[in-house]
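Student: Please show me the model. I would like to work through its sheets, helices and ligand shell.

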Amino acid sequence: MIRKKVIFTLFFMLSRIGIFISTAKLQNSISLSRNIRTVSAIMSKFELPERFKGNEKSVWVEYIQLALKYKPLNLGQGFPDFYAPENVTKALAAAATSENPLLNQYTRGFGHPRLVNALAKLYSKLLQRDLDPNNEILVTAGAYEALYATLQGHTSPGDEWIIIEPFFDCYAPMVNTAGGIPRFIALKPTKTTGKVTSADWVFDRKEMESLFNEKTKGIIINTPHNPVGKVFTEDELQFIADLAKKWNVLVVSDEVYEWIVYEPYRHIRIATLPGMYERTITIGSAGKTFSVTGWKTGWAYGPENLLYNLKVVHQNAVYTCTTPIQEAVAVGFEEEIKKFGQPDCYFHSLAKELLPKREYMAKFLCDVGMTPVVPEGGYFMVANWTALADKVRLQEEEDANKDYRFTKWMTKNVGVQGIPPSAFYSDQHKHLGEDNVRYCFIKKDENLKKAADILLKWKSQQ
Ligand SMILES: Cc1ncc(COP(=O)(O)O)c(C=O)c1O
């Protein structure tokens with residue numbers, strides 16, 4: 001009797017557990033499918049807006065991760081690994097601890113008065129025309145924001161922008177997300193063996209002419225150029241200027257490396273060519289000018305009517321940039337303006353300081369077996385690596401483009417990191433960048449030597 005009762009109780013309990021489990025299972029699967037429905041509703045409602053699609057990949061995000069993981073000698077990203085000039089860093093410390101409490105508060109939205117005044121003074125002298133500090137200059141969060149405000153502020157859906165490849169990689173996404181259409185034309189080397197310089201990289205004039213049409217809103221130029229180092233000649237700039245005038249289009253001139261030009265070359269501002277100020281927006285960067293890339297302070301200058309659109313974008317996105325940094329940059333400009341033309345003026349001394357580094361890098365890249373493109377300006381060097389193709393196991397990497405495979409393999413197996421230049425080309429022209437790698441030489445001599453030693457040792461072991 002007792003046994004029967006125990007069996008019955010056990011049976012009853014098991015069946016309850018069974019009912020409980022299957023009810024729980026049912027509830028679980030109902031709540032799972034509800035969850036899936038909720039998640040997919042959330043996903044579809046909050047997925048990346050259409051206008052940003054296709055712009056997700058960033059070479060910088062990917063290669064910073066790579067550097068963090070493999071800890072190579074990093075010649076990839078473009079920033080100095082040495083101290084910035086003392087006058088600007090001290091000016092920043094002084095601004096932050098100033099007796100004037102307002103130097104740590106919001107300043108004028110379109111640019112801190114002391115900075116726009118200093119910029120107006122400098123560029124009025126360089127352009128030989130009086131710039132109005134309040135209406136012809138806009139201070140931005142780096143040259144990056146100046147580019148963004150320009151392209152957002154001057155693009156309506158369907159507007160075409162001519163972009164010269166290789167190009168600083170944000171130009172095309174900025175045009176795309178503003179609803180514009182990038183039209184690409186590549187600089188091509190006229191020479192790939194022997195001593196090659198950035199002057200050997202040119203655009204085809206017929207091809208350039210063929211890109212201009214009624215829908216063209218503007219052209220973006222970058223001189224001195226990243227990554228090739230080309231300093232556009234007056235003749236090339238005049239050719240572009242004539243087309244810009246013929247088709248009534250804007251010129252956006254990215255001149256962030258304006259002070260880094262090597263003798264005997266000269267930086268020419270396209271805004272100074274006849275009839276060009278009226279249709280040019282020129283962009284500069286304190287990060288590049290004073291070797292303080294982390295300060296992310298830039299500017300755009302140009303005629304009031306063109307800058308108006310940028311101001312509208314800026315006031316609705318950023319509104320105002322950091323006050324103490326603008327104060328420090330202003331102090332830097334005031335001091336350099338006083339020394340202008342003298343050898344100790346930072347605008348002239350930086351390129352002199354970089355010249356031996358350029359020569360050193362060009363030599364060790366040659367010794368390793370690459371063909372460097374010696375830059376006329378800027379602090380990057382593009383080098384053809386294909387002579388080393390039988391020494392690198394590209395098949396171990398999965399990327400579609402050979403330069404990505406080369407740079408990743410070198411980072412992981414040799415310990416020196418460069419940037420793949422195909423990142424600076426449109427999808428249809430990526431093959432044009434694949435034979436090259438970009439290295440940066442604004443690095444301490446000891447680090448350049450380490451890079452040379454690593455590469456040469458690797459080469460000798462092959
Ligand atoms: C050609 C070019 N334009 C613009 C920028 C952006 O400058 P910033 O750091 O002032 O935003 C860079 C930075 O590397 C650059 O190389």
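Student: Which way do strand 2 and strand 11 run, and how many bridges join them?
Tutor: This is a predicted model. Strand 11 covers residues 298–301. Strand 2 and strand 11 run antiparallel, and the bridges that join them number four.

Student: What is the strand order of the open sheet of seven strands?
Tutor: The pairing in this sheet is mixed. Neighbouring strands are turned by 20° against each other on average, direction ignored. The order is 2-11-10-9-8-3-4.

Student: Which strands of that sheet stand at the edges?
Tutor: Look for strands with a single partner strand. Each such strand has one side left without a neighbour in the sheet. The edges are strand 2 and strand 4 (181–186).

Student: What is the order of the open sheet of four strands, and which strands stand at its edges?
Tutor: Its pairing is mixed and its order is 6-12-13-15. The edge strands have a single partner strand each, so one side of each lacks a neighbour in the sheet. They are strand 6 (196–197) and strand 15 (436–440).

Student: In strand 12, which residue is the bridge partner of Val196?
Tutor: Strand 6 and strand 12 (residues 371–374) run parallel. Two bridges join them. The partner of Val196 is Val373.

Student: Which strands does helix 12 touch as it packs on this sheet?
Tutor: The direction of helix 12 makes about 160° with that of strand 12. The contacts of helix 12 on the sheet are with strand 12, strand 13 (380–384) and strand 15.

Student: How are helix 12 and helix 14 oriented to each other, parallel or perpendicular?
Tutor: Packed helices are described by the angle and the distance between their axes. Here the axes of helix 12 (residues 346–368) and helix 14 (residues 445–460) come within 9 Å and cross at roughly 10°. Angles under 35 degrees count as roughly parallel. Helix 12 and helix 14 are therefore roughly parallel.

Student: How many nonpolar residues are in the contact of helix 12 with helix 14?
Tutor: Helix 12 brings Lys357, Tyr360, Met361, Phe364, Asp367 and Val368. Helix 14 meets them with Leu448, Ala452, Leu455, Leu456 and Lys459. The contact has three charged residues and no polar ones, and its nonpolar residues number eight.

Student: Which residues come nearest the ligand?
Tutor: There are 14 residues around the ligand. They divide into four nonpolar, eight polar and two charged. Helix 5 (residues 142–153) gives the largest share of this shell, three residues. The nearest are Gly142, Ala143, Tyr144, Phe168 and Ser285.

Student: What is omega at the cis peptide bond of Thr223 and Pro224, and at that of Glu263 and Pro264?
Tutor: Most peptide bonds are trans. Pro224 sits in the loop between strand 8 (216–222) and helix 8 (234–246). Pro264 is in the loop between strand 9 (250–254) and strand 10 (280–285). Omega is about -15° for Thr223 and Pro224, and about 5° for Glu263 and Pro264.

Definitions and conventions:
Residues numbered from 1 in each chain as written. Predicted model: local features only at pLDDT ≥ 70, side-chain atom pairs only at ≥ 80, totals over all residues. Axes fitted to C-alpha atoms, helices over the stretch in contact; angles between N-to-C directions. Parallel < 35°, antiparallel > 145°, perpendicular 65-115°, else oblique. Contact = placed C-beta atoms within 7 Å. Nonpolar A, V, L, I, M, F, W, Y, C, P; charged D, E, K, R; others polar. Pairing = 2+ DSSP bridges. Near = placed C-beta within 6 Å.
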